[in-house]
Structures are given as C-alpha cells and as structure tokens.
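Subject: Structure handover and findings

Hello,

Here is the structure for your set. My notes follow below it.

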Amino acid sequence: MSSFFRSYCQPLVFSALTIFTATSLTACQSTRIQVNDCKAGDWGVIGNKDGDQGLDQRFEERKKFCANVDEGKIKADSAASYSAGWEQGNFQYWKRLGTQDGLAAKPMSSFADQAASEQTKKNNTPLHQLAYKQGWISGNADYWRGLGDQDGAAGRAASGETARAAEGQAIGFNRLSYLEGWQTGNQAYWTRLGYLDAHDGRPDAEFKQHATSAQNLGVQVNESAYRSAWNLEIIEYWKRLGWEDATQGRDVNTRRADAKQRGLKFSEQEYQQSWEQRLIQYWQDAGKEDGYGRPNLLEDRMANARRNNVFVIAQTREVYRQAWTEQNARYCSVDNAFDFGRRNQNMAFEVCAGAQQNRVRRALASGQEYEYVLRQQSYRNDELNRLADRRHDAEHRLARLEREIQRDLEDKNRVINAESANIDRRREQEKRELREFLRRSYDEFEDLRRWNFRYEQQLQQIKRDIYLN
C-alpha cells in the first residue's frame with residue numbers, strides 16, 4: 001500500500017470505525033481503485049472508466065492524482081490514450097442509456113430527457129446521440145421480440161402483429177423483431193402441448209385436434225416441436241407408471257394391454273427398468289426394516305408378495321439378505337445395545353449371532369448401569385452445588401461480621417451499655433456458628449468432590465468395558 005493511499009484512506013477507515021458512514025467507506029474503495037489504475041498505467045482504461053461513468057474528460061485531474069502514486073507511469077502519449085479510452089467509454093455510456101430506454105418501451109425522443117437530466121448536468125456529460133440511438137434500436141428490438149415471444153407462447157396468431165403495431169405507434173413498432181420473437185414463442189407453445197399430452201398419458205393422435213383448433217384461430221402449426229416434446233415426455237410417463245405399478249400389483253403385461261387399448265406408444269424397456277428399480281428399493285427397505293430387531297422374514301415376505309401387491313424378482317433374495325445383514329449388524333452392535341440400555345429399552349437378543357448375543361447383553365446392562373451412575377453423579381453434583389452456595393453465603397456473612405466487629409472496636413465514641421453488649425454477644429455467637437459450619441462443611445464438601453471423581457471414573461470404566469470380549 002502506497003504512502004499516498006495510506007494518508008488518504010486511513011482517516012476514512014478510522015472515521016468508519018467511529019461513525020461507520022457509508023460515504024467514507026465508498027470514498028476509500030474508490031481511491032483504492034484509482035490507485036490500482038495508476039499503478040497499472042493503462043491510460044486507455046482510465047479514460048474508458050471515466051467515459052463509461054458519464055463523466056467529462058478529466059485527464060489533468062487524473063494525471064495529478066497518479067503523479068502521487070507512480071509518476072513513472074505518465075508517458076508522452078498518456079493524454080492521447082486517455083482521450084481514446086474516454087471516447088469509447090462515453091459511447092458505451094450513451095448506448096447503455098439508449099438500450100435501457102428502448103427496452104422500457106420509451107420513444108427515441110427520450111434522448112432529450114436524458115440530455116437534460118440532473119445526472120447529465122451534475123457530471124457535465126458530453127452528449128452522444130448516435131450512440132444513444134444505436135442502443136435504443138437494440139433495446140427496442142428486444143422489447144418487441146419479448147412481446148412476440150409472449151404472444152406466440154400464448155397460442156396467439158402471428159396476425160396479432162397488427163394490433164401490436166397500433167399499440168406501438170408512439171414508440172416505433174419493430175415488425176421483424178416481433179415476428180422473430182413470435183416464432184420462438186410459437187415453438188414453445190407446441191412444445192408445451194406435446195409435453196402436457198405425453199405427461200398426462202394422451203396419445204400423440206391428439207395433435208390432429210390441436211392442429212385443427214390452431215388453424216381455426218390462424219395459429220401456425222408446428223408438428224415437429226409437438227412430436228419432439230411428446231416423444232421425450234412419453235418415456236418419462238412410462239417410467240413414472242413403472243415406479244408406481246411395482247407396489248400396486250400391476251406389471252408390464254397389464255400396461256402393454258392398456259397402452260394398446262388407448263392407442264398409446266408403449267416405452268416397454270424404460271417402463272420395465274423403472275418397475276424393477278422400484279422393486280429393488282422395496283426389497284432393500286424390507287430387509288432394513290426386518291434387520292433392525294427382527295429375524296430374517298424373507299420367505300414369509302416372498303410368500304405374501306402378491307397379497308401385498310408387490311412382485312418377487314430375480315434380485316429379491318440377494319437384495320433383501322444384504323440389506324438385512326447390514327442392518328442386523330448395526331442392531332447387534334455393542335454401541336447400539338449400550339444406547340438401548342441407557343434408554344432402558346429391551347432388545348431382541350435372539351436375532352443376533354450366537355457369539356454376539358452375550359456381548360450385546362452385557363452392553364445393554366452396561367448402558368443401564370451407566371444411566372444409574374449418571375443419575376447418582378447428578379444427585380451428588382446438585383448436593384455439591386447447594387453446599388457450595390451455602391458456604392459462599394456463610395463466608396460472605398462471616399467477613400461482614402468481622403468488619404462490623406472491627407469497626408466497633410476502633411470506634412472511640414461508641415457507647416458501651418447493655419444494648420451494645422448484647423449486640424457484641426450476638427455477633428460473636430453468630431461468628432462462632434459460621435466458623436463451625438465452615439469447618440464442619442469442609443469435610444462434607446471434599447467428600448462430595450471425591451464422590452464426583454469416583455462416579456466419573458466409573459462412567460469411563462463402564463464405557464471401556466463394553467468393548468472387552
């Protein structure tokens with residue numbers, strides 16, 4: 001960071017820390033950019049930035065600023081490079097304004113409004129009507145292209161351009177752009193019709209009815225767009241049905257007949273793949289469900305498959321057994337048994353392998369023991385905290401009594417009579433009682449701390465023991 005940048009920006013940063021104004025932070029950031037531009041020494045870029053921001057030419061001002069950063073980057077041709085860059089930036093600025101106005105359906109005469117705007121006056125921006133016009137033509141074309149696309153996608157006839165032309169007299173109607181957009185929209189219209197028909201399982205013969213309706217309305221027919229979308233979506237339609245049918249008692253034979261009856265193209269291969277994938281997931285889920293605390297019920301499930309509206313496939317045994325085995329291993333793990341014990345829940349030990357059953361039983365019992373010790377520890381901790389609070393109060397009271405006694409001893413003007421003697425006796429009695437309590441409770445307090453330590457050791461030992469064979 002240059003010393004010039006530090007001297008300019010540091011006060012702004014400190015100001016931001018104390019006041020945190022957006023203005024100071026923005027100024028610092030802007031200065032940082034200017035410093036970097038000076039270091040790069042590309043005067044065409046510096047000029048372009050000024051022109052693109054709507055500023056007038058400021059070479060002398062930029063030159064003076066950059067001289068404080070890196071004077072060596074100022075060359076004999078810097079002024080010419082700056083000017084060329086500025087010209088390009090000024091062109092971009094006015095073209096951008098024209099594009100925005102054209103896209104916003106403003107007439108080309110809006111240039112006069114831009115020329116008289118507060119921003120133009122503030123920056124003393126040199127005008128560039130040709131650049132504005134080029135931008136406006138482009139923005140206006142995009143505006144009419146968008147309306148054409150909208151009309152075409154809504155299924156309106158291209159002859160609607162007449163009404164649009166009448167609407168756009170004030171801003172200038174661009175017929176070619178409108179029709180270009182309409183063609184794009186018309187394609188989207190027929191694509192959507194094809195997609196919806198296939199998505200709902202309607203045959204592509206529906207196209208004839210769509211075409212007749214379109215012709216009656218004067219809408220251009222686009223058969224290729226319709227059929228392309230229909231052919232893609234009909235595959236997805238059969239995939240969805242395959243997935244649903246697999247657990248609803250229907251198969252490829254049922255759907256083949258259904259498709260023939262409806263005159264609908266049947267994507268048999270895609271249907272069958274989706275149907276099988278759903279059944280693979282079904283048997284995986286069944287294996288996982290049974291594997292978590294139940295015996296292997298594969299034979300029963302296969303025998304009852306038709307009653308449950310599902311099918312047995314070639315992969316059924318392998319998929320179910322793999323899922324059951326993995327889930328059974330999780331269920332019969334010592335960690336899981338320990339958690340069951342902590343929640344005081346029972347486990348089906350009989351589903352675990354013979355060698356694992358004893359470990360699971362021990363882990364379950366250990367979990368129960370762990371929770372018992374944890375409750376005992378919690379009870380002792382509560383006692384410890386209560387006693388600590390009482391000791392703190394006693395120490396605080398004892399310190400206050402001792403200050404009061406000392407204060408009265410040092411008070412030469414204190415009246416000695418029966419009342420003050422009684423006060424002294426009560427204070428001394430309370431002091432002895434507090435000291436006795438603190439002495440007596442110290443052993444109790446230490447005993448509770450030792451109990452807490454022993455419980456912590458027990459808890460750690462219990463968790464270690466569950467992994468022992």
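Helices here are DSSP runs of H or I with at least four residues, and strands are runs of E with at least two, numbered from the N terminus. This is a predicted model, so local features need pLDDT of at least 70 and side-chain atom pairs count only at pLDDT 80 or more, while totals for chains, interfaces and linings use all residues. Residues are numbered from 1 along each chain as its sequence is written, and side-chain values use heavy atoms, with hydrogens and water left out.

**Around H3**

At the start of H3, a side-chain oxygen of Asp-42 comes to within 3.1 Å of the backbone nitrogen of Gly-44. Several residues in H3 are buried, namely Trp-43, Ile-46, Gly-47, Asn-48, Asp-50 and Gly-51. Buried means under 20% relative accessible area, exposed means over 50%, and partly exposed is in between (1.4 Å probe, protein chains only).

**Largest pocket**

The largest pocket holds about 250 Å³ of space. Its lining has 15 residues, and Ser-30, Ile-33, Gln-34, Asp-37 and Gln-53 lie nearest the centre. H2, helix H3 (43-52) and H4 each give two or more residues to that lining. H2 gives the most, with seven residues. By class, the lining of the largest pocket has six nonpolar, five polar and four charged residues.

The search runs on a 1 Å grid over the protein atoms alone. A cavity is a set of points where a 1.4 Å probe fits but cannot get out. A pocket is an open set with protein on both sides within 12 Å along at least five of seven lines. Lining residues have an atom within 4 Å of a point. Points are joined across faces, edges and corners, and a volume is the space filled by probe spheres set on them. Ala, Val, Leu, Ile, Met, Phe, Trp, Tyr, Cys and Pro count as nonpolar, Asp, Glu, Lys and Arg as charged, and the others, Gly among them, as polar.

**Disulfides**

How many disulfides does a search of the whole structure find? It finds two. A disulfide is a pair of cysteine sulfur atoms within 2.5 Å.

Cys-38 and Cys-66 form a disulfide, with sulfur atoms 1.9 Å apart. The torsion about their S-S bond is about -70 degrees, so this disulfide is left-handed. Cys-38 is in helix H2 (residues 22-40) and Cys-66 in helix H4 (residues 59-70), so the pair ties together parts 28 residues apart in sequence. Cys-38 is buried, at a relative accessible area of 3%. Cys-66 is buried too, at 3%.

Cys-332 is joined to Cys-352, S to S 2.1 Å. Here the S-S torsion is about -90 degrees, so this disulfide is left-handed. Cys-332 lies in the loop between helix H16 (316-331) and H17, and Cys-352 in the loop between H17 and H18, so the pair ties together parts 20 residues apart in sequence. Cys-332 is buried at 4% relative accessibility. Cys-352 is buried, with a relative accessible area of 4%.

**Asparagines in loops**

Most residues other than glycine have a negative phi. Asn-124 has a positive phi of about 55 degrees. Its place is the loop between helix H7 (118-123) and helix H8 (129-153). Asn-344 has a positive phi of about 60 degrees. That residue lies in the loop between helix H17 (334-342) and helix H18 (354-410). Is Asn-344 buried or exposed? At 60% relative accessibility, Asn-344 counts as exposed.

Asn-174 is in the loop between helix H9 (161-167) and helix H10 (175-199). At 19% relative accessibility, Asn-174 counts as buried. Leaving aside neighbours within four places in sequence, Asn-174 is in contact (heavy atoms within 4.5 Å) with Asn-140, Ala-141 and Trp-144.

His-210 is in helix H11 (residues 206-217). Beyond neighbours within four places in sequence, His-210 is in contact with Trp-190, Leu-193, Asp-197 and Tyr-226. The side chains of His-210 and Asp-197 make a polar contact at 2.8 Å. A polar contact is a pair of N or O atoms within 3.5 Å; within protein, one must be able to donate a hydrogen and the other to accept it, and residues adjacent in sequence count only if both atoms are side-chain atoms.

Lys-412 is in the loop between H18 and helix H19 (418-465). Lys-412 counts as exposed, at 82% relative accessibility. The C-alpha atoms of Lys-412 and Asp-37 are separated by 83 Å.

Best wishes
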